[in-house]
Amino acid sequence: MSPTLIVIIVVVIILLGTVIFPFVNKWQFNRMPFDQQIRILMKQAKGLIFFKNISNGRTGTLIYVKNKRKILTYPWILEDGKMLCTKKNPFTNWDYPEEHPQMTDDEIKQAVEELEKFNDKSIVKLFLQD
């Protein structure tokens, strides 16, 4: 093989791995039903607390995963450069598991603290409705 052909093969492999495959994976993820997205996020969670923002342009959902077992969603819309949560009181029940168990006071406190930490790290902040 000529060195030119080897370089072309390496460039194509790098392009596929860094651009094409992640784009296709994101496209497939966004087209999945919400419950399948939840299952994938539970597997992707890298620790006891994990946030994932699924954006669809001016709308989206910020997903909070706790202990890879409980999920709380914050649906949002973009207004004036801010993510505004459309859920009136997101801290009443868990969104997953399907039984929607009631949140305890400690869980509510921890969820609020983790959301504040996420907002400190994030460029675009999530604002809850009053």
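**Salt bridges and their surroundings**

Mentor: K117 counts as partly exposed, at 44% relative accessibility. The classes are set by relative accessible area: buried is under 20%, exposed is over 50%, and partly exposed lies in between, with a 1.4 Å probe and protein chains only as cover. The model is a predicted one, in which local features need pLDDT of at least 70 and side-chain atom pairs count only at pLDDT 80 or more, while totals for chains, interfaces and linings use all residues. Residues are numbered from 1 along each chain as its sequence is written, and side-chain values use heavy atoms, leaving out hydrogens and water.

The confidence comes next. The average pLDDT (the predictor's confidence in each residue, from 0 to 100) is 88 for the protein, and 99% of the residues score at least 70. Among the elements, helix α3 (residues 105-121) has the highest mean pLDDT, 94, whereas helix α2 (residues 34-44) has the lowest, 81. Helices (H or I, at least four residues) and strands (E, at least two) are DSSP runs numbered from the N terminus.

The partner of K117 is E114: their side chains meet in a salt bridge, with 3.6 Å from N to O. That term requires a side-chain nitrogen of Lys or Arg within 4 Å of a carboxyl oxygen of Asp or Glu. Because K117 and E114 are three residues apart in helix α3, about one helical turn separates them. E114 is buried, with a relative accessible area of 13%. Leaving aside residues up to four places away in sequence, E114 touches I49, F51 and Y64, a contact meaning heavy atoms within 4.5 Å.

The whole structure holds three salt bridges. Another of them joins E107 to K70, whose closest N and O atoms are 2.8 Å apart. This pair links distant parts of the chain, since E107 belongs to helix α3 and K70 to strand β3, 37 residues apart. E107 is buried at a relative accessible area of 10%, whereas K70 is partly exposed at 27%. The remaining pair is D95 with K87, for which the closest N and O atoms lie 2.9 Å apart; D95 is partly exposed, at 23% relative accessibility.

The buried residues of α2 are Q37, I38, L41 and M42. They lie on the same side of α2, because they cover an arc of only 140° around the axis, where the arc is that of the directions from the helix axis to the C-beta atoms. Their cover includes α1 (3-31), β1 (49-56), β2 (59-66) and β3 (70-79).

D80 is exposed, with 76% relative accessibility. D80 and L126 are 46 residues apart in sequence, with their C-alpha atoms 12 Å apart in space.

Lastly, I8 is a residue of helix α1 and is partly exposed, with a relative accessible area of 47%. I8 is one of the members of a nonpolar surface patch, together with V12, L15, L16, V19, I20, F21, F23 and V24, and the accessible area of the patch is about 790 Å².

How values were computed. Patches are made of residues with over 30% relative accessible area and no salt bridge: like charges are joined within 9 Å, nonpolar side chains (Val, Leu, Ile, Met, Phe, Trp, Tyr) within 5 Å. Accessible areas come from the Shrake-Rupley method with a 1.4 Å probe; for residues, only the protein chains shown count as cover.
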